Amino acid sequence: MQGNHMQFSSLDDIRAFCRDLPAGDSHAAERAARRQQVLTKPPGSLGRLEDLAVWLARWQGRELPRLDHVTITVFAGNHGVAARGVSAYPQAVTAQMVQNFAGGGAAINQIAQTAGAELKVLPIELDRPTRDFTDAAAMDDNEFLRAVEIGYRSVPEHCDLLAVGEMGIANTTTAALLCAALLGGGAARWVGRGTGVDDEGLARKCAVIEAALEFHRGILGDPLKVAASMGGRELAAIAGAVLAARRRQIPVLLDGFVATAAVVPLARLDTHILDHCRAGHVSAEAGHRALLQELELDPLLDLGMRLGEASGAGVAILLLRAALACHNGMATFAQAGVSGRDGYILAACHVVD
């Protein structure tokens, strides 16, 4: 994208974009899968590490994928509904944590460095929270499109893997609302304690979500209208980044509940729109496991994390590096002079339970 050209000038532009997305490179995936069959191991013995290598090959379009240029992007936004007392922390914490990211003091800074990833933090109009969605649209169409655009433009031209996450006080309430609006089940199915609210805070979150569902009941059939009217700027930006990555055939790791909820509107437009995405982990936030099941995303890790800020996806990068180290670095049977699965050497070296 060049200059001031807007990728999306209307919600219909996004809908049209989602109808014309490239599929992965099936030939590269087939070559990678064949390579897995001739590496010095019983077929399938590395389990999901093999599947991940083939997935990366499909979306990078090469038999031997690379993770030379890995980006973690954390989007930050503020929510008008925070005034309803749905978080254990004041809204000022969003900007304070952005400063902590900039100073290198947050968990994601340490994880990104360990994972060999560039960390980008993009605050979006923190001084102008979205409107309280219990009695107004959180964003109008233009505000939503601007946030999507910020996310779209944030994706580097040259990127082997993108991990997305967020920071925003009250955004677990927003995420639960999006899930309730687009997947059903009401507040009780999706609401959790977020930053650690007590029972009264949990009840307030449920009440807020039910009020918002009632107020916006007329738009529940339109995923993008829901994303604008009940979402947040950082969630819209995550959706934009995921769309840009799909256009450029960049594989994506989603972080926790909020980052996954951010792409539910896209999934409601097209069930295959998240084929280039994997769930980095399942978080301890109530609702995330059910959400991943709805989207048919099998999480890579289950560590009881619930921090946000792309921390779970960041740790999952290390898993992908292990998958590629084996896929790219192992010898084939021919290279190692090892007999194939029917040969006596392999039989002697591997005991199968």
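This is a predicted model: local features need pLDDT of at least 70, side-chain atom pairs count only at pLDDT 80 or more; totals for chains, interfaces and linings use all residues.

Student: Great. How many helices and strands does the chain have?

Tutor: There are 17 helices and 5 strands in the chain.

Student: What share of the residues is buried?

Tutor: Of the 353 residues, 54% count as buried. As for the surface, the chain exposes about 14,600 Å², with carbon and sulfur atoms supplying 50% of that.

Student: What about contacts between residues 24 or more positions apart?

Tutor: Taking the contacts with a separation of 6 or more, residues 24 or more positions apart account for 79%.

Student: OK, on to residues. Where is Asn-171?

Tutor: Asn-171 sits in helix α7, which covers residues 171–183. Its relative accessible area is 4%, and because buried means under 20%, Asn-171 is buried.

Student: What is it in contact with, leaving aside neighbours within four places in sequence?

Tutor: Asn-171 then contacts His-79, Glu-166, Glu-234, Leu-235 and Val-258.

Student: Where is Thr-172, and is it buried or exposed?

Tutor: Thr-172 is in helix α7 as well. At 18% relative accessibility it counts as buried, because the cut-off is under 20%.

Student: Which residues does Thr-172 touch?

Tutor: Not counting residues up to four places away in sequence, Thr-172 touches Gly-194, Lys-205, Phe-257, Val-258 and Glu-285. Val-258 is also in the contact list of Asn-171. Another pair to look at is Thr-172 and Gly-308: they are 136 residues apart along the chain, and 9.9 Å separates their C-alpha atoms.

Student: Let's switch to Thr-94. Where is it, and is it buried or exposed?

Tutor: Thr-94 belongs to helix α4, residues 92–102, and is buried with a relative accessible area of 0%. Leaving aside neighbours within four places in sequence, its contacts are Ala-76, Gly-77, Asn-78, Leu-126, Met-167, Gly-168 and Ile-169.

Student: And Ala-313, buried or exposed?

Tutor: Ala-313, in helix α15, is buried, also with a relative accessible area of 0%. Beyond its neighbours within four places in sequence, Ala-313 is in contact with Ala-163, Leu-253, Leu-254, Asp-255, Gly-280 and His-281.

Student: How about Ala-334, buried or exposed?

Tutor: Ala-334 has 72% relative accessibility, and since exposed means over 50%, it counts as exposed. Its place is helix α16, residues 333–336. Ala-334 and Leu-39 lie 295 residues apart in sequence, with 8.8 Å from C-alpha to C-alpha.

Student: Changing topic: how many disulfides does a search of the whole structure find?

Tutor: The search finds 0 disulfides. Take Cys-159, which is in none: the nearest cysteine sulfur, that of Cys-277, is 12 Å away. Cys-159 is buried, at 11% relative accessible area, whereas Cys-326 is partly exposed at 23%.

Student: Last one, backbone angles. What is the phi of Gln-249?

Tutor: Gln-249 has a positive phi of about 55 degrees although it is not a glycine. That is worth a look because most residues other than glycine have a negative phi. Gln-249 is in the loop between α11 (233–247) and β4 (252–254), and is partly exposed at 29% relative accessible area.

Student: And what about Glu-296?

Tutor: Glu-296, not a glycine either, has a positive phi of about 55 degrees. Its loop runs between α14 (288–295) and α15 (311–329), and at 74% relative accessibility Glu-296 counts as exposed.

Methods: Residues are numbered from 1 along each chain as its sequence is written. Side-chain values use heavy atoms; hydrogens and water are left out. Helices (H or I, at least four residues) and strands (E, at least two) are DSSP runs, numbered from the N terminus. Buried means under 20% relative accessible area, exposed over 50%, partly exposed in between (1.4 Å probe, protein chains only). Contact means heavy atoms within 4.5 Å. Accessible areas come from the Shrake-Rupley method with a 1.4 Å probe; for residues, only the protein chains shown count as cover. A disulfide is a pair of cysteine sulfur atoms within 2.5 Å.
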